[in-house]
Amino acid sequence: KRVEKKNDEWKTFLTYYPPNNNFTWRGKHFEGERGIRKNSKDGESLFTKILNSKEYTCEDLCRAVMAEARGKMQESYKSGENKMRYFINTESWLRQKQYENWIDQGRELSTEEIEQYKTAFKRTKKAVKQTYGGIDI
């Protein structure tokens, strides 16, 4: 049962990890083709080790990744350059302990900020048409 719970938490974590560097922030769309989210056994193993250490929870890690991604999206908005292209994949993010830099900011995210983050990667018809050469899929 313990392993199953960790597996569910891994799946939850992946839903919060940026899927790619194609997003819309504050009404401005940023094109990107690079996949960021990586569902690997090594990544899952690292995630489980972090949770087993009892220092951080699944929620802590989800909030940390949102805080870092929000920061990069805000930088993109200000500069006009897609900073999410520098976001590392899931496994590397866990292995390099990137979350440690974002735990505190993640814990401070409001419900509104989390919702804003969640909608950033949702494709609109306009974004789909831009991305797929006018083919509405």
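The exercises below, each with a worked solution, concern a predicted model.

**Exercise 1.** State how confident the prediction is on average, and find where the pLDDT is below 50.

*Solution.* The protein averages a pLDDT of 86, and 85% of the residues score at least 70. Over residues 124–137, however, the pLDDT is below 50, although this stretch has 15 contacts in the model beyond near neighbours in sequence. Where pLDDT is low, the predicted coordinates should not be read in detail.

**Exercise 2.** Locate K72 and decide whether this residue is buried or exposed.

*Solution.* K72 belongs to helix α3, which covers residues 58–79. Its relative accessible area is 17%, and since buried means under 20%, K72 is therefore classed as buried. Leaving aside neighbours within four places in sequence, the residues in contact with K72 are K83, M84, Y86 and F87. As for R85, which lies 13 residues from K72 along the chain, the two C-alpha atoms are separated by 9.2 Å.

**Exercise 3.** Describe how α3 and α6 are arranged, and which residues meet.

*Solution.* Two packed helices are described by the angle between their axes and the distance between the axes. The axes of α3 and helix α6 (residues 111–120) come within 10 Å and cross at roughly 70°. Because this angle falls in the range from 65 to 115 degrees, α3 is roughly perpendicular to α6. The crossing of the two helices is left-handed. From α3, the residues R63, M66, A69, R70 and M73 meet E113, I114, Q116, Y117 and A120 of α6.

Note on methods. Residues are numbered from 1 along each chain as its sequence is written. This is a predicted model: local features need pLDDT of at least 70, side-chain atom pairs count only at pLDDT 80 or more; totals for chains, interfaces and linings use all residues. Side-chain values use heavy atoms; hydrogens and water are left out. pLDDT is the predictor's confidence in each residue, from 0 to 100. Contact means heavy atoms within 4.5 Å. Helices (H or I, at least four residues) and strands (E, at least two) are DSSP runs, numbered from the N terminus. Buried means under 20% relative accessible area, exposed over 50%, partly exposed in between (1.4 Å probe, protein chains only). Axes are lines fitted to C-alpha atoms, for helices over the stretch in contact, and angles run from 0 to 180 degrees between N-to-C directions. Angles under 35 degrees count as roughly parallel, over 145 as roughly antiparallel, 65 to 115 as roughly perpendicular and the rest as oblique. A crossing is left-handed if the near helix is turned anticlockwise from the far one by less than a right angle, and right-handed if clockwise.
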